[in-house]
Amino acid sequence: MEETIDTLAQNNIPRQSIRITFKGQDFQIRILDRELYKGMTEISILLDGMVQKLIKIKERWHFENSENDSDFANDIGRSISLRYRL
């Protein structure tokens, strides 16, 4: 995805943010989707200044187009799911 923080700031998307701790490091994540609803399988987030998409496959969350850090992606997705009852 070639979206940057500047192009996202021009949109009127309400950016909800959450903080998680993974392996002793704190991360702040901004949710970019306008609505969150039960049964979502894709969530767009802003992580470390980059737009990422989380995809839910068989009850686990993964980063789109990346096999790396599947535990990190799952923790982020699980935190969002618990907070917003997805």
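Lys56 is partly exposed, with a relative accessibility of 27%; this class lies between buried, under 20% relative accessible area, and exposed, over 50% (1.4 Å probe, protein chains only). Lys56 forms a salt bridge with Glu59, their closest N and O atoms being 3.8 Å apart, where a salt bridge is a side-chain nitrogen of Lys or Arg within 4 Å of a carboxyl oxygen of Asp or Glu. Glu59 itself counts as exposed, at 65% relative accessibility. The model is predicted: local features need pLDDT of at least 70 and side-chain atom pairs pLDDT 80 or more, whereas totals for chains, interfaces and linings use all residues. Residues are numbered from 1 along each chain as its sequence is written, and side-chain values use heavy atoms, with hydrogens and water left out.

The whole structure holds five salt bridges. One of them joins Lys53 to Glu42, with 3.5 Å between the closest N and O atoms. Because Lys53 lies in strand 4 (residues 50-57) and Glu42 in strand 3 (residues 42-47), this pair ties together parts that are eleven residues apart in sequence. Strands (E, at least two residues) and helices (H or I, at least four) are DSSP runs, numbered from the N terminus. Glu42 is partly exposed, at 40% relative accessibility.

A further salt bridge links Arg78 and Asp75 at 2.7 Å, N to O. These residues are three apart in helix 2, so about one helical turn separates them. Arg78 is partly exposed, with a relative accessible area of 44%, whereas Asp75 is among the buried residues of helix 2, which also include Phe72, Ile76 and Ile80. Just after helix 2, Arg85 adopts a positive phi of about 55°.
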